[in-house]
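Here is a friendly briefing to read with the model open beside you.

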Amino acid sequence: MPEPYIRTALPDDDEELSALDRATWSYLHAVLPRPQPPYDPFFSERHAPEGTLVAELDRRIVGYVRLGLAYKIASNAHVRQIQGLAVAEEARGRGVARALLRAAMEEARRRGARRIRLGVLGHNTPARRLYESEGFAVEGVLPGEFLLDGEYVDDVIMGRSL
């Protein structure tokens, strides 16, 4: 099985990433309602291509991870935050999410970060297991933070040193 090729996103990836985002939408990880047409672009002022890493298998984008600042203040500039991670259904179980997570941590280090953090929904057991296996620890829980599909769901904050 080939390893996923990880690279920085390009502006031309917008449409393919937007379609991937819609295809992978689920209340397992999404706190916003299912996207409806007309669809917003994937990239925006908040999420530029250079803050996104994509995974390719057979020259097709099969996943992405968004990496940004936790807060835009100097005293927190040493912390990066994972602001989204998705893998196409057909690519799951092939190490894509792990490769993206490791690449995000390496990119965060390259940008001078000393810590990385993320939020994951409490009921997203597969993601939580992946993050724990890569050294992330639970640093806080916001009980019942989101009402998703009629259920209250915890927001679990995880982080680790780099």
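Burial first: buried means under 20% relative accessible area, exposed means over 50%, and partly exposed lies in between, with a 1.4 Å probe and protein chains only. By that rule, Asp13 is buried at 7% relative accessible area. This is a predicted model, in which local features need pLDDT of at least 70 and side-chain atom pairs count only at pLDDT 80 or more, while totals for chains, interfaces and linings use all residues. Residues are numbered from 1 along each chain as its sequence is written, and side-chain values use heavy atoms, with hydrogens and water left out.

**Overall fold**

- The protein chain has three helices and seven strands, where helices (H or I, at least four residues) and strands (E, at least two) are DSSP runs numbered from the N terminus.
- Read from the N terminus on, the order of elements is β-α-β-β-β-α-β-α-β-β.
- The radius of gyration of the protein chain is 15 Å, which agrees with the value near 15 Å for a compact globule of 162 residues; it is taken over C-alpha atoms, and the globule rule is 2.2 Å times the number of residues to the power 0.38.
- The C-alpha trace spans about 40 × 40 × 35 Å along its principal axes.
- Of the 162 residues, 40% count as buried.
- Among contacts (heavy atoms within 4.5 Å) with a separation of 6 or more, 63% are between residues 24 or more positions apart.

**Salt bridges**

- Side chains of opposite charge can pair when their charged atoms come close.
- Ten salt bridges turn up in a search of the whole structure, each being a side-chain nitrogen of Lys or Arg within 4 Å of a carboxyl oxygen of Asp or Glu.
- Asp13 pairs with Arg7, and their closest N and O atoms are 2.8 Å apart.
- Like Asp13, which is buried, Arg7 is buried, with a relative accessible area of 16%.
- A network of salt bridges links Arg7, Asp13 and Glu56.
- Arg60 and Glu90 also meet in a salt bridge, at 2.5 Å from N to O.
- Because Arg60 lies in strand β3 (residues 60-69) and Glu90 in the loop between β4 (79-87) and α2 (96-110), this pair ties together parts that are 30 residues apart in sequence.
- Arg60 counts as partly exposed, at 39% relative accessibility.
- Within helix α2, Glu107 and Arg110 are three residues apart, about one helical turn, and their side chains form a salt bridge of 2.6 Å, N to O.

**Cavity and pocket**

- Rolling a probe the size of a water molecule over the atoms shows where empty space is left.
- On a 1 Å grid over the protein atoms alone, a cavity is a set of points where a 1.4 Å probe fits but cannot get out, and a pocket is an open set with protein on both sides within 12 Å along at least five of seven lines; lining residues have an atom within 4 Å of a point.
- Grid points are joined across faces, edges and corners, and a volume is the space filled by probe spheres set on the points.
- The structure holds one cavity of 30 Å³ or more, and the largest cavity has a volume of about 30 Å³.
- Its lining consists of Glu50, Gly51, Thr52, Leu53, Leu67, Glu107 and Arg111.
- By class, that lining divides into two nonpolar, two polar and three charged residues (Ala, Val, Leu, Ile, Met, Phe, Trp, Tyr, Cys and Pro count as nonpolar, Asp, Glu, Lys and Arg as charged, and the others, Gly among them, as polar).
- The second largest pocket holds about 280 Å³ of space.
- Of its 17 lining residues, the closest to the centre are Arg46, Gly68, Leu69, Lys72 and Gln83.
- Strand β3 gives the most to this pocket's lining, with four residues.
- The lining of the second largest pocket has four nonpolar, six polar and seven charged residues.

**Two residues to look up**

- Ser18 is found in helix α1 (residues 14-23) and counts as buried, at 10% relative accessibility.
- Beyond its neighbours within four places in sequence, Ser18 is in contact with Asp40 and Phe42.
- Arg115 lies in strand β5 (residues 115-121) and is partly exposed, at 25% relative accessibility.
- Leaving aside neighbours within four places in sequence, the contacts of Arg115 include His78, Glu139 and Leu162.
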